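Me: I would like to go through the aromatic rings in a protein model. Could you look at it with me?

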Amino acid sequence: MAKMDYDVRIKKIVDANKEEFKKVVSLLNALRKELSKFDFGGDYRKLSHFLIKINEITPKLSDRKQKIINAEIVRLHKQVKEIIRTRPDYIKKDNPNFMELKNIIGNLEGMNISYMYSYVEKYDGDAYNLIRYLLFEEKNLMFVKYALNKYPHFVNVRDKHGNCILLEVVDKYLEAINNYTKDRVLKFNDDLFYYDEVLESLLASSKIDYSSSLQEEALAKVSNFLNTVDSSRYKGEVKSKFVFWVNELIEKLEEESYEETLSHLSYKTDVSIDFHESILSESRRFNVRNLKPEFEKRVGNQDEYIVTIDGEGAEEIDDGLSIKKLENGNYLLGVHISDPLGYISKNSLLYEEANRRTTSIYSPLERTSSMFPEVYAKDHMSLMQGKNRLATSYYLEITPCGEILLDRCVFKKTIVNVNKKLTYDEFNTLSKTGSSNERLDKTIESLLEVTDLLSKRIIMDENYRIANRESSNVSGTNITGTSSSEKLVEYAMLAANSTVASYAAKKGIPFIYRGHETNKDYLAKIDYFDKKFRENPTSENYEVFVKLLRDTYPSAFYTTDSNIKHMGIGVEHYSHITSPLRRFADCLANEALNLMYFNEVHSDKDVYDLENRLKEGCRYINEKKTSIDYFTDRYVKVKK
């Protein structure tokens, strides 16, 4: 069969019809005609171009006409699936026509979900199997919501045995509650909040057929669950949380409407806004005179010129930078980090509360929850200009090639007195115009030189950069801008985090690392997204691409295993040490260094206790992340 010039046909159809609706109908009819004579021996490699053009035009139509087109697309979808179903002998993954059918389905279903299943091995065209795959295997809420929006009838589909998606979700919800409380210790898990939101999405659908009989079936599952659990294992807070979550499920199933309050959200996620009076009473007892012995043990750094560089309005200043050129031609970069453990004991209520919170939380509306009380985070511990502050200083020797000489790096317990507090914009301006302060100008010049060197040695994965740069994380520690000052701070922190982690790994000491892993499946998804975006690189599609990337790219996590790399940043070892006022993981890293680097005498028991503490800390912080994300998202809605 001769190759069809589909692009020419598409152009003729588009040019011949002035009305957008007629163009779409003509394109659909032409595609349907070609598919009706589809033969795997022919050449149909540009059939999907019809759909690309259809997808460009359809959003311009009225809602009524869009519904007509969508109905036609559903019929077309069935036609394509029928080809796959009736010609299994011809389907081979390396056959260009099979790949074209895959592209056609991809364009029919939208770039958001089409990549997620192998069309022969995992998806046979059955709607129940597709929504099941999305819900229980892919488990990405964004894709679930997208699928329900594009195919609202999915909420009612049943398999050939009569199984219902909603009832399966109820089973999963109950299983998640059980896992959260079953060991007499509250263990957050991603499934708990995931199925909570999935159930909300299903029940909120305008198309759901939530009959009284289906509601009774769902509630019966809850009753059966309660009849089978061993209630004796639930005591105290575990019992309270168990009852709360079961009631949360029942209220959803009974469609009881209530206005979500901040206190309800806080209890549900275990994210506190205010500090308990016991914490505040301990913080009020702070007296700088009690720190005199600690100050006397530390090294001053009056001979260094230290600057802090933060966003406008930043109040928790936990990192400062200094730089000097050595006689051997290398640079000595000083990364000075606030030291909470210099101010409070790791056995104090303040430290335990920071551990429970795991992070400060910043909302798009306002700051909602700090890890330490303000008197500490914004005053006593913050690296303020002209004030003596306890810090841990990490001195990194860097060659003119950008290599960090690990054997020559030194860590010190110091007293930091910041010479100049700068915003990103102020730094950028001074780097161009200069100032009347020669030491400040020299510091800015040298810091920019080091940034250039480090940027050539630390090669971050571009997708990881996009996923993390496009929006700030809840702790406010992500740098989202691309100016020279922001680039400087980013690379200085990357260098410090990776250097300290490399030291810990080399010495084999117990430590908390930041791991990040990708696999072929994830890379295939990301490549697919990238390809789809480049086919139609509009600003709207870029926003979709970034959101897909952020929601699909694997998250980094905390671990005590030094063999796990950070693939997103592209380093063998990585940790978090640079934001201890806002992330508890950084405090744990500091705690490990206090024992294994700064304390020359420690017993085997000390080391054993530290190892257990770090492992438990990694588990808890990793598990708490989902509930914090849930809180942050809901908090905005509650406040509005």
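Me: How many aromatic pairs does a search of the whole structure find?
Reply: The search finds 19 aromatic pairs. Rings of Phe, Tyr and Trp (its six-membered ring) pair if their centres lie within 6.5 Å; planes under 30 degrees apart count as stacked, over 60 as edge-to-face and the rest as tilted. This is a predicted model, where local features need pLDDT of at least 70, side-chain atom pairs count only at pLDDT 80 or more, and totals for chains, interfaces and linings use all residues. Residues are numbered from 1 along each chain as its sequence is written, and side-chain values use heavy atoms, leaving out hydrogens and water.

Me: What kind of pair do F193 and Y630 form?
Reply: F193 and Y630 form a tilted pair, at 4.8 Å centre to centre with 50° between the planes. The two residues are 437 apart in the chain.

Me: Is F193 buried or exposed?
Reply: F193 is buried, because its relative accessibility is 2%. Y630 is also buried, at 3%. Buried means under 20% relative accessible area, exposed over 50%, partly exposed in between (1.4 Å probe, protein chains only).

Me: Why is the pair of F411 and Y503 edge-to-face?
Reply: Their planes stand at 80°, so the pair is edge-to-face, with the ring centres 5.5 Å apart. Both F411 and Y503 are buried.

Me: Which residues do ring pairs link into a cluster?
Reply: The cluster consists of Y173, F193, F244, W245, Y267 and Y630.

Me: New topic: what is the average pLDDT of the protein chain?
Reply: The average is 84, and 82% of the residues score at least 70. pLDDT is the predictor's confidence in each residue, from 0 to 100.

Notes
Helices (H or I, at least four residues) and strands (E, at least two) are DSSP runs, numbered from the N terminus.
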